[in-house]
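The sequence and structure follow.

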Amino acid sequence: MQKRTLGSQGLEVSAEGLGCMGMSQSYGPSDVAEAMATIHRALELGVTFLDTADVYGPFTNERLVGRAIAGCRDQVVLATKFGNERREDGTWVRVNGRPDYVRRCCDASLERLGTDHIDLYYQHRVDTTVPVEETWGAMAELVAAGKVRCLGISEAAPATIRRAHATHPVTAVQSEYSLFTREPEAAVLPTCRELGIGFVPFSPLGRGVLSGTVTSTAQFDADDFRAHTPRFQGDNLAHNLDMVAQLTEVATRKGCTPAQLALAWVLAQGEDVVPIPGTKRRRWLEENVAALSVELTPEDIAAIEAIAPPGAAAGDRYRPEDMARVNV
């Protein structure tokens, strides 16, 4: 497995990680046995950078990951997040960046994960009612206490990233990034590179649509959130699927799958970029890992970007109320 380094603190991770959210929510029914097997298979393949969050489930995903890595914690670079406050029954409360909440969340995550430290602890969303310096001051205390090794922030605007970094070094910024979501290229990625911060794209397969397996919202389960997302609705979906069909032609010429092509493109964006494609099944994990062997020529990249230039995908990636919580 290839390795990449996030940030100036020397956090070495597998060149491709594993997003664990879908094992517990958002993408249809959960299968705990298959999810556990998927994590174990990831470790066998050298995918040791695992990503979870307290809000996933809520709380159940951290417990699942903790069970899966019991006995092999030293093989894993473990990332989790706080900041999206939900109750045990799943009801939404608020984005919360208060220092006392940060401390409570960290202790609770450590218990659920069955570990004494978190390798990369992210502020999941920015609380606009609390200065980011206050939130990050509390996060820095966790580093000093040995509970956390490195700090990150998710879906933050460049100015917020700078303020956080001035309080304590930011190791990684996590944001959605794929051929269908290229907005980070405008300012977030340049800011990360200026400051020496790693970049961790989630949903590098466009929430599955870039894999070529999505053809209609009718195939989604009732609790699959994509059924209610603008990018997957009506004319937007039709437009986006036309782009996928064109990308599939490029993939066929390369002798790979559309998913592998899309992941290879993300991986080619720089050694400071570490995508975390999410899956809950071993078959898709193995396909995703094989993308590391796909080498794209400059001509390949030009052909891909001619099909999917910035802004080409139709429809927002979240509902309006959720879009209000990103890039702040």
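The sulfur of Cys150 lies 13 Å from the closest cysteine sulfur, that of Cys106, which is too far for a bond. The structure holds zero disulfides, a disulfide being a pair of cysteine sulfur atoms within 2.5 Å.

| Residue | Relative accessible area | State |
|---|---|---|
| Cys150 | 5% | buried |
| Cys256 | 12% | buried |

Residues are numbered from 1 along each chain as its sequence is written. In this predicted model, local features need pLDDT of at least 70 and side-chain atom pairs count only at pLDDT 80 or more, whereas totals for chains, interfaces and linings use all residues, and side-chain values use heavy atoms, without hydrogens and water.

Helices (H or I, at least four residues) and strands (E, at least two) are DSSP runs, numbered from the N terminus. In helix α5 (residues 158–167), the buried residues are Pro158, Thr160, Ile161, Ala164 and His165. Viewed down the axis of α5, these fall within an arc of 155°, so they line one face of the helix; the arc is that of the directions from the helix axis to the C-beta atoms. The face turned away from the buried side of α5 carries the exposed residues Ala159 and Ala166. Against the buried residues of α5 pack α4 (132–144), β9 (148–154), β10 (172–176) and α6 (188–195), where contact means heavy atoms within 4.5 Å.

Conventions. Buried means under 20% relative accessible area, exposed over 50%, partly exposed in between (1.4 Å probe, protein chains only).
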